[in-house]
Amino acid sequence: MLYSLDSLNCGDMDKATLHPSGRDPQEWQALLEQFLSHGSEEGLLELETNITSDPVTYCCHGLNKPVKELAELEANFSSVIIPELPVNSSAYARHLSEDILNQVVPVSSPTFVGHMTSALPQHLPAMGKILTALNQNVVKLETSHILTALERQVLGMMHKLVYNCDETFYNQWLHNGDYALATFCSGGTLANLTAMWACRNQLLPADGDFAGLAREGLARGLIHYGYSGLAILVSELGHYSLKKTVDVLGLGQDSLIKIETDRNGRICTSALLAKLQELRQRNIRPMAIVGIAGTTETGSIDPLNALADIAEQEQCHFHIDAAWGGASLLSERHRHLFAGIERADSVTIDAHKQMYVPMGTGMVLFRQPSLASAISQHANYIVRKGSKDLGRHTLEGSRCAMSLMLHSNFHLLGRRGFAQLIDASIEKAQQFAVLIRQQEDFELISEPELCLLTYRYVPPKVLQALHVASEPDRQKLYDELNALNQHIQTMQWSAGQSFVSRTTLQPTQWDRQPTTVLRVVLANPLTTMEILEEMLKEQRQLAQKSPHWHTLQALAH
């Protein structure tokens, strides 16, 4: 039923109700209209229509003007005084359009290929409006109801994608309120933390006079089980969220053990085995081995079956961080890259990376539904024992129903549609790698396994000099090359027409020397090879205008 002020009898309320504490009745009436009327926000509605009807075009309208310096923007947002009275909605819409939205990062643009954000399917802005208007909170059945059932269904679809259990399994566990096949969270960071939280609690359960780690804490648990410490092992390209994880879980950052990678960015299993033997000698229990299915910097995929074998041998938890690569399981052409993922005890996947939903849609999947019981929480007023409240098994409390976004994509794009998008993105990355190799002044650093790759600008004479220079001169060349590529990335971002990100790698082909590289993510289906060719031309022009370029030319002689 739709309500109006008249149907709510607001006009017949006495003054004590209509304007509390003696407030102006007209002011109170205007305030109520903010909740019930559709006539007071015409400027915002027009702005919303312009953006949501064609977000890619809207985001691209400012590409030809430089990005304002952060200091200038901060100066415009320095007042900390909350406005005393409401401003006219049309005036606010102008302020929003002219002073704020004109400077948002155009992540939907096909020329902005530096990060995970991409153009979204056209139905999602409408879904976003629906979610905002309904304002559901899926922590509790009383504030979500049918969306609790829908979220469990979507998580079951993802569980089936990874583990491919039979129909009997899902009939038993999908809607069982005491267990969880998976949980939604805001992103890969909380997904990894949730997985390791469950792993830690399960590793040190109640035993004899010990009531369990969740009750008595980590120190008491280590004493009871006789361990000198716990460790999580991951490749040196592991996501920084794992540093947060060991910190939050009380393990200490030294308990995150980084293992070297090979030329292709994959964990060295021989180095992993050697480190596990060393930990045994120090009486440190390996809590988990983390495999990466798509590293953040390069998209590399660890040898998952080999890691699963090692985890079974060590009798420790095997977690896979597939935040980047997990979506590619939807592609039959590339699913083989993830052989062994079904053996993981838990898997992280971010739907906002290449499942084309808005930011804030991470998941952690559990091979065994009972694992979620290790982190189950209850409260008398909410998430009660025996309830089907989703908040019983999540680190976060209140959450919006982002599962509806993924649900809509599953139905409106279909598995075949996802597969085509993923296949096209990986093919585009491979084509871009070929294009880079054809340039005499660019060097491909990492070969693409997924839709990510890294490269850098290197003048030909400098590349030759690197192979013959003395160690002190070679170091000067390295430093200037790093400064040059950092300059290219910064200036391209500032120009506002296109964008790549950058990171620092230690490539084996350059003796593991810290190397600043340019990084692209080619998930946006609107990005063309012509755009990428123009992007390289712009980077070349920026390089040759840089003072570092002239310094390198002098050093190369």
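Student: In which loop is the place of N135?

Tutor: This is a predicted model, in which local features need pLDDT of at least 70, side-chain atom pairs count only at pLDDT 80 or more, and totals for chains, interfaces and linings use all residues. Residues are numbered from 1 along each chain as its sequence is written, and side-chain values use heavy atoms, with hydrogens and water left out. Helices (H or I, at least four residues) and strands (E, at least two) are DSSP runs, numbered from the N terminus. On that basis, the place of N135 is in the loop between α7 (123-134) and α8 (146-163).

Student: What is the phi of N135, and is N135 buried or exposed?

Tutor: Most residues other than glycine have a negative phi. N135, a residue other than glycine, has instead a positive phi, near 55 degrees. Buried means under 20% relative accessible area, exposed over 50%, and partly exposed in between (1.4 Å probe, protein chains only). Because its relative accessibility is 64%, N135 counts as exposed.

Student: Which phi does Q315 have?

Tutor: Q315 lies in the loop between α15 (304-314) and β5 (317-321), and at 65% relative accessibility Q315 counts as exposed. Although Q315 is not a glycine, its phi is positive, at about 55 degrees.

Student: Which residue in β9 stands opposite E443?

Tutor: Two strands pair if DSSP finds at least two bridges between them. An open sheet of four strands, with antiparallel pairing, has the order β8-β9-β11-β10, and its edge strands, β8 (442-446) and β10 (501-505), each pair on one side only. Over four bridges, β8 pairs in the antiparallel sense with β9 (residues 452-457). Opposite E443 stands R456.
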